[in-house]
Amino acid sequence: FAAEQNAKWLEVAEPVPGPTTELMQEAAARHGVVLVVPLAEIASPGEYYNTAVVIDADGSLLGKYRKVHLPHIKGFQETFYFKTGDLGYPVFKTRYGTIGVLIDFDRHYPEVARILALKGAQILFNPCTTVMDLSSHLWFVAQRSHAALNGVFLGTSNRVGTEPFTDGVYYGMSYFCGPNGEIMVQGAQNRDEIIIADMDLGQITEEMKRWKFFDERHPETYHELLLPTPTRGNES
């Protein structure tokens, strides 16, 4: 619905916990699976977030992540609806491993993946809705790089189809990649599909021993990352 600016769409927002999370908690417990559940969250009257809830395999609600990076471009006008996430970048210790969540546009910020990996995430999940002409050239580059440079598995999903207020086509091509950046399994283009990947978490240790990216970090030299964003694109 963020393809247009219309306050009526805020009526779909729910509290957490709420009807959707309760339904998904029952499903997670019934099937013994961990679920990442994106939804529009209402935290208080007039306070809305683009949120993903993490539910463990016993049905317990482990917590949530609120999207930090909100696009406001043609077809994706999220700042009209949502506030910037205020929960930082949490990781969640599930029955099957420690996971971190990025939501859609967050994937364009390498700092997010690095923070989650430093906090112990073994698998990153990135639920998305993105269209062909806008992002298809970055779809594989950015997220495979996150996996390889941080030694994590990454799973990213993208919907298919169209919306009345969006010119582009949501193209699917969901995939999992390993800590070496290689694609493990990829979904079809322009067609709904379920994809499954077997992950050997021991591969994370192997890749980190091979590259030692974290051993050679020098955060004392990264202070410029905290400076205000410079103006770009108008240079003569």
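**Chatting through the model**

Trainee: Let's start with A29. Which residues does A29 touch, not counting residues up to four places away in sequence?
Mentor: A29 touches A57, D58 and G59, leaving out residues up to four places away in sequence. Contact here means heavy atoms within 4.5 Å. The C-alpha atoms of A29 and D58 are separated by 4.5 Å, though the two are 29 residues apart along the chain.

Trainee: How should I read the numbers and the model itself?
Mentor: Residues are numbered from 1 along each chain as its sequence is written, and side-chain values use heavy atoms, with hydrogens and water left out. It's a predicted model, where local features need pLDDT of at least 70 and side-chain atom pairs count only at pLDDT 80 or more, while totals for chains, interfaces and linings use all residues.

Trainee: Where is A29 found?
Mentor: In helix α1, residues 19–31. Helices (H or I, at least four residues) and strands (E, at least two) are DSSP runs, numbered from the N terminus.

Trainee: And is A29 buried, exposed or partly exposed?
Mentor: A29 counts as partly exposed because its relative accessibility is 39%. Buried means under 20% relative accessible area, exposed over 50%, and partly exposed in between (1.4 Å probe, protein chains only).

Trainee: What about the core? How many residues does the largest nonpolar core have?
Mentor: It has 29 residues, and those with the most contacts inside it are Y65, Y89, V101, L116, L124 and W139. A nonpolar core is a set of buried Ala, Val, Leu, Ile, Met, Phe, Trp, Tyr and Cys residues joined through side-chain atoms within 4.5 Å.

Trainee: Which element gives the most to this core?
Mentor: That's α2, with four residues.

Trainee: What does V101 touch, not counting residues up to four places away in sequence?
Mentor: With those left out, V101 touches V36, A52, V54, Y65, F92, L116, F125 and P127.

Trainee: Back to α2. Which residues in α2 meet α4?
Mentor: P110, A113, R114 and A117 in α2 meet H146, L149 and N150 in α4.
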